[in-house]
Every structure is written in C-alpha cells, then in structure tokens.
Amino acid sequence: MILITGGAGYIGSHTAINFLNAGYDVVIFDNLETGHIETIETLKPIGHVSFEKGDLRNLDDLEKLFFKYDIEAVVHFAAFSLVGESVFNPAKYYRNNTYGTLNLLDTMLKHDVKKIVFSSTCATYGEPEYTPIDEKHPQNPINPYGASKLMVERIMADYDIAYGLKSIKLRYFNVAGCDEKCRVGEWHNPETHLIPNILKSTFGKGQTFKIFGNDYNTPDGTCIRDYVNVEDLARAHRLALEYLNKENKSDVFNLGTEQGDSVKNIFDACEKVLDKKIPVEIAPRRAGDPAKLYADAQKAKTLLGWQPAKTIEQSIKTAYDWECRLQKLINKESDL
Ligand code: UFG
C-alpha cells in the first residue's frame, strides 16, 4: 500500500490516479484544508483507494494511520504552497511543511517504513545564478515557502545517514494542465497561478487578467518560466518510487520541460487554444518574482527514464476544460 499525503490536492490527486492506473493500492491522508472531498469521491471508482482525514501536525493522526494500513512507501505532497502568504505568515509554513514532515518521518521510522518521494520545489534555489538550473545550483531560498521545503530536504539527507531512510526529492518548476478526462484539476482558493488566472478572466465576471510586469530583462519584458504538465509530473513520482525500490539510494531530480515560456507567450497560446481575444492589462511587478527560471532536467531523463510528453497547448486545453467544470460547480454551490 502506498501512502499519498495531500492526495486530495492538485498534484497529489493526479499522482494518485497514476499509481491507481498502474495497479497500486493507495491510501490518501489529507486534512482537506486546501484539498477537496469531491476529489476523493472522484478517485474511488478508479482503483483501490482509501481515505483518512488527518493532519501532519497531529502525531496521533499519523500513528493511527500507520497502525491501520500496511504502508510500504510514502509519496509526500501535503503542504501549504503560497509564496506570498509564506512571507507574512512563516509560522504556518514551518509548522505544517517542516514540523509536519518531521512528524511524518518519525512515524515512518517507528513503523519501519523507509522510502519516501518528496514534493520539493525550484523555490529552494532562490534567485537563479545561471539558467537552465540544474540540481547542483546553490540553494538559497528567498521566501519561507522555499526555506520550509529546503529544510525538509536537509532533514531527509540526515535521516538517511543516521537511520537509513531513503528519499527522492523532486524539485518541480511550474505545474500546468489537468487530467485528460477532466476528473480532477487545479482548484485553489485563492488562485494565484498564471494559466488558471488567464482562463478565469474569460468567464465574464469583471475580472481582467493582469500581467505582473513587462519591464523584466527578457526578450518581451515578461517573466520566463518552465511549465510542466501535471500528468507528466505525476508519472515522474511513480518512476521515482520504482527507481528507489530498485536502487535503494536517495537522490534529487529537477522536473521541468527545459523550455522557457514568457507570460506573454502563455497568454498568446491561451488566446490561440481558446480562439478568442482575452482582456488583459499590464500591472506592476509582483514582489519576489525572478525574471527567468527554467530547468535542466537531464538527470531525471537519464536516471528515471522520464520524458515530459505533453505540450503547453495540451496543458492549456485540459486546464480550460477543468475550469469550465469548476465554474459550474462553484455556481451550483453559490445557488445553495
Ligand atoms: N503571473 C501574472 N499574472 C497572474 C499570475 C501570474 O502575470 O495573474 C505571472 C507571475 O508574475 C510569474 C508567472 O506568471 O511571472 C508565473 O506565476 P505563477 O504564480 O503561476 O507561478 P510562480 O512562478 O510564481 O510559482 C511557481 C510555483 C510555486 C513555486 C515557484 C517557485 O507555483 O509553488 O514557482 O518560483 F514556489
């Protein structure tokens, strides 16, 4: 049985589908603070999936979970992930993302579970010293979110040396798109990410999409990021666990497409995929945005045999299908 923490959230739910489709039994542990119970209901017909509501900050919840299920490995997503919020409420991030993970690792050791795949982030690198960013790039996070994840990476390295707990740390770049069959998707409140914000602005609720800054040192003046499809990313987690099972050694991998797209490129691609003009305005820069971030993901390609397969157009199309579904769901809720 594979434990997926945060499996009711965006990346966790897509990863749960990938594991279920590959024939694994899965138990999801989620406090439903940012995840959704509807997601769990959607996952049930796909395969053998159980759900336990609980919180990483509560050792009793973890103890009951590990006592009840025969867990062989953990894929760990449960975390808060809003960079801006982490700056004014760092305690929330260190308590959940760092201290909560420490509880998880200690409970794993207590129950002799010694394999974990960890959802880390390119935010652990901070302001890039060079691009593309490889795994050897110095890690100097510039916000508590990135710092809370980097601390976990370091704890995991020490737990390997001292207790033999093996971990694969996956540092993602920007995640985009949704399940091809539109069963699960990106459902954040508030939504801060680029593609859903562009798409939301097409639903005519007076929300104009804003480009945060067009005076960066990039060819069109807008920020460059590396947008990796969520289904490609989900597959990488299963490959990482299978690699860990085979090699039994800890490692770290960047996950990205190695292609940089500017905010303007993504906006143009959305207009093309939707075949409509989208209202847009230029707004001031958002604090803490580096001009250019994209991955060197050769290591994941070579060692995990991972290859991102989906195009940015596919990500936009599936994100739009999901957004249409979400709008209906939200409208229904507000009618009640
Ligand atoms: N952007 C806009 N308008 C919007 C939203 C975003 O112009 O309405 C711009 C941002 O300024 C940025 C780019 O689009 O230049 C991408 O922004 P996102 O918020 O989609 O993603 P980030 O690059 O800020 O964040 C991602 C992950 C974080 C991670 C971070 C590391 O979502 O979890 O990369 O830098 F921490």
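Reader: What makes strand β1 (residues 2-5) covered on both faces?

Author: In this predicted model, Ile2 and Ile4 on one side of β1 and Leu3 and Thr5 on the other are all buried. Buried means under 20% relative accessible area.

Reader: How do you know that β1 pairs with strand β2 (residues 26-30), and in which sense?

Author: Pairing requires at least two bridges between the strands. β1 and β2 have 4 bridges, in the parallel sense, so they count as paired. Ile2 stands opposite Val26 in β2. Together with helix α1 (residues 10-21), the two strands make a right-handed β-α-β unit.

Reader: What joins β1 to strand β4 (residues 73-76)?

Author: β1 and β4 run parallel and are joined by 4 bridges. In β4, Val74 is the bridge partner of Leu3.

Reader: Why is Arg171 called buried?

Author: Arg171 belongs to strand β6 (residues 166-172). Its relative accessibility is 4%, and the limit is under 20%, so Arg171 counts as buried.

Reader: What makes the side-chain pairs of Arg171 with Tyr125 and with Glu153 polar contacts?

Author: The cut-off for the N or O atoms is within 3.5 Å. The side chain of Arg171 meets that of Tyr125 at 2.8 Å and that of Glu153 at 2.7 Å, so both pairs qualify.

Reader: How do you know that the span of helix α9 (residues 263-274) agrees with expectation?

Author: At 1.5 Å a residue, the 12 residues of α9 should span 16 Å, and the end C-alpha atoms are 17 Å apart, which agrees. Among the buried residues of α9 are Val263, Phe267 and Leu274. Just after the helix, Asp275 takes a positive phi of about 55°.

How values were computed
Residues numbered from 1 in each chain as written. Predicted model: local features only at pLDDT ≥ 70, side-chain atom pairs only at ≥ 80, totals over all residues. Heavy atoms only, no water. Expected span 1.5 Å × (residues − 1). Buried < 20%, exposed > 50% of the residue type's maximum accessible area, 1.4 Å probe, protein only. Polar contact = N/O pair within 3.5 Å; in protein donor to acceptor, adjacent residues only side chain to side chain. Right-handed = clockwise from strand over helix to strand, strands pointing away.
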